Amino acid sequence: MAYLIQPDYVQYFCTCGQIKPITNLYFCRHCLKVRCGFCICHEVDSHYCANCLENMPSSEARLKKNRCSSCFDCPSCFHTLSTRATYAPARQDPAAGDAKVENKQPKKMYYLSCFNCRWTSRDVGIPDQPVASGGWPERTNPFANRFGQLLEYFKAIAQQEKQDKLDKERKKYAIRGKYITLTDKTGLTGAMARTTAGLPSSESSSSAIANFVPSQAKEEVEELPEDYHTKEVNLKLITTMPQRLASPEWQAQLVSRLQPIARPLSVKRSQRCRRCDHNLTKPEYNPGSIKFKIELLAYYHVPEVKIISFETIKPGCTTELLLKLTNPTAHEMQISIIQPDEVPEVEEKEEPKSIEKSLEKSLNLEKDTSWRQVIERKPLLPTTIKLHKPELSFTLAQRDDAAEYDDDSHHETNDIILWRKSNKLALRLKVTTDEEAKVGSPAVAILALQYSYRNTVPPTANSPQTRDHVLYTTVAIHLGTVTQ
Ligand SMILES: [Zn+2]
Ligand SMILES: [Zn+2]
Ligand SMILES: [Zn+2]
Ligand SMILES: [Zn+2]
């Protein structure tokens with residue numbers, strides 16, 4: 001838990017160059033590379049309501065505008081609303097007399113109430129409902145029609161642009177004489193391919209563009225009411241900006257116009273390595289479960305580095321740095337501490353394109369690869385602190401949960417390895433700060449680990465994997481600021 005509240009003093013370099021704490025990183029067992037949120041694909045697995053835990057397929061979620069139909073949030077404080085029951089006062093029938101009224105069962109009626117701010121659906125005149133779940137009056141967006149038109153129009157434009165691009169590509173290949181049409185390869189016609197991809201046909205899209213009426217800017221606008229600047233404002237009656245923006249369709253200005261907000265759905269995501277398309281995480285489908293079917297977190301595969309203590313960093317001084325290393329894997333690890341510039345640069349190979357990929361490409365559905373140019377640059381960190389004695393190799397035992405109960409931790413120790421216990425050990429390293437290091441600048445020591453890794457993925461025909469690998473990871477250790 002400490003990870004959630006502590007600043008990240010130890011950060012790892014992702015393969016893409018970002019630096020992140022180990023808890024934010026993934027490890028692809030197929031590429032044998034560390035991946036971060038930027039260099040993986042995020043996919044929506046399922047939609048569910050975090051309040052009632054109902055899950056639904058994405059088509060239904062889209063239909064419901066990604067909102068739960070039975071849960072509501074308070075429009076005033078955004079806390080979840082609760083359904084409260086009350087007995088409706090029995091209506092007195094003057095002709096029937098008093099005796100008859102007593103025999104009647106009082107009818108249960110329901111309203112919504114916020115336990116946090118005491119807002120209720122009665123405050124704004126929403127009538128109580130006879131059933132506890134759902135059935136709350138739905139308000140239609142006053143601009144629903146216009147939104148529908150705009151949506152159609154932009155869909156049609158996107159479709160047309162795709163078609164143009166496809167035509168252009170087809171021409172380009174036809175000129176080269178190497179063109180094999182998609183239809184020849186897959187037995188799909190263009191129209192079929194479009195239906196498969198969920199795109200409208202080209203005829204309907206051109207008519208949608210032709211029939212569209214663009215919005216017109218008006219020269220004259222309605223004048224403000226005369227007392228606009230003089231009328232006294234009662235802030236209790238006026239909604240705040242967050243309250244207004246919570247329901248963008250209506251943007252109620254008065255508190256009396258607030259309506260319960262249908263609760264937005266949450267999603268379960270699975271994450272995929274962008275290079276090899278293998279899953280890095282995959283949650284269990286059941287929304288009540290917090291477990292994962294696949295969970296390739298760096299925390300389980302990369303040796304963990306923690307700071308035990310360090311001395312004040314001063315320019316031109318050599319200081320001691322105590323670190324704790326942990327081997328999280330089920331196999332013994334051979335670790336060497338090396339200088340960051342000794343890590344060999346490995347170019348990542350592109351995966352060969354398969355037929356599905358070419359289909360994706362023809363339909364223009366291929367993955368966006370522009371992220372590479374944006375993030376593939378190494379962040380500049382001041383390297384004023386140098387490791388003193390980096391030629392250091394040792395083995396670290398595998399993780400053994402039962403070893404937690406062992407009392408004795410008598411292992412061979414020396415000047416550098418202070419103690420060992422099961423899969424952990426403490427290291428005493430010497431770091432030298434540059435003479436020119438500026439006082440007040442952040443003190444960051446960068447070191448690299450070379451470690452042995454045993455891959456447990458069973459080898460397949462496409463990816464013959466050897467079991468044992470030598471991997472590298474670079475770590476930035478934040479040691480406060482340089483002081484005089
Ligand atoms: Zn991968
Ligand atoms: Zn990354
Ligand atoms: Zn719900
Ligand atoms: Zn509230």
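At 24% relative accessibility, Lys282 counts as partly exposed, a class that lies between buried (under 20% relative accessible area) and exposed (over 50%), computed with a 1.4 Å probe on protein chains only. The model is predicted, so local features need pLDDT of at least 70 and side-chain atom pairs count only at pLDDT 80 or more, while totals for chains, interfaces and linings use all residues. Residues are numbered from 1 along each chain as its sequence is written, chains are lettered from A and ligands numbered from 1 in the order in which they are written, and side-chain values use heavy atoms, with hydrogens and water left out.

Lys282 forms a salt bridge with Asp45, the closest N and O atoms being 3.2 Å apart; the term covers a side-chain nitrogen of Lys or Arg within 4 Å of a carboxyl oxygen of Asp or Glu. This pair links distant parts of the chain, with Asp45 in strand S5 and Lys282 in strand S12, 237 residues apart. Strands here are DSSP runs (E, at least two residues), as helices are (H or I, at least four), and both are numbered from the N terminus. Asp45 is partly exposed at 29%. Glu43 sits in S5 and Arg272 in strand S11, 229 residues apart. Glu43 is partly exposed at 26%, and Arg272 is partly exposed at 22%.

Strand S12 (residues 279–283) is largely enclosed by the rest of the structure, because four of its five residues are buried. S12 pairs with S11 (residues 266–273) in the antiparallel sense over two bridges; pairing requires that DSSP finds at least two bridges between the strands. Gln271 stands opposite Thr281 in S12. The hairpin of S11 and S12 has five residues between the strands, and there Asp277 takes a positive phi near 65°. S12 also runs antiparallel to strand S13 (residues 292–295), joined to it by three bridges, and Pro283 has Phe292 in S13 as its bridge partner.

Next come the zinc sites. The zinc ion (ligand 2) has Cys14, Cys16, Cys36 and Cys39 as its protein donors, each through SG, at 2.2 to 2.3 Å. Donors are N, O and S atoms within 2.8 Å of the metal (3.2 Å for Na, K and Ca); water is not among the atoms, so sites may look incomplete. The donor atoms of ligand 2 subtend angles of 102 to 119°, so the arrangement is tetrahedral, a label given to four donors if all angles lie between 85 and 135 degrees. Cys14 lies in the loop between strands S1 (10–13) and S2 (19–20), and Cys39 in the loop between S4 (33–35) and S5 (40–48), so the pair ties together parts 25 residues apart in sequence. Cys14 is buried at 4%, and Cys39 is buried at 4%.

The zinc ion (ligand 3) is coordinated by SG atoms of Cys49, Cys52, Cys68 and Cys71 at 2.2 to 2.3 Å. Its site is tetrahedral, with angles of 107 to 112°, and its donor residues are spaced C-x2-C-x15-C-x2-C. Cys68 is buried at 2%, and Cys71 is buried at 5%.

Elsewhere, Glu320 forms a salt bridge with Arg428, the closest N and O atoms being 3.3 Å apart. Glu320 belongs to strand S15 (residues 318–326) and Arg428 to strand S20 (residues 424–433), 108 residues apart.

How values were computed
Tetrahedral: all angles 85-135°; square planar, octahedral: opposite > 155°, others 65-115°.
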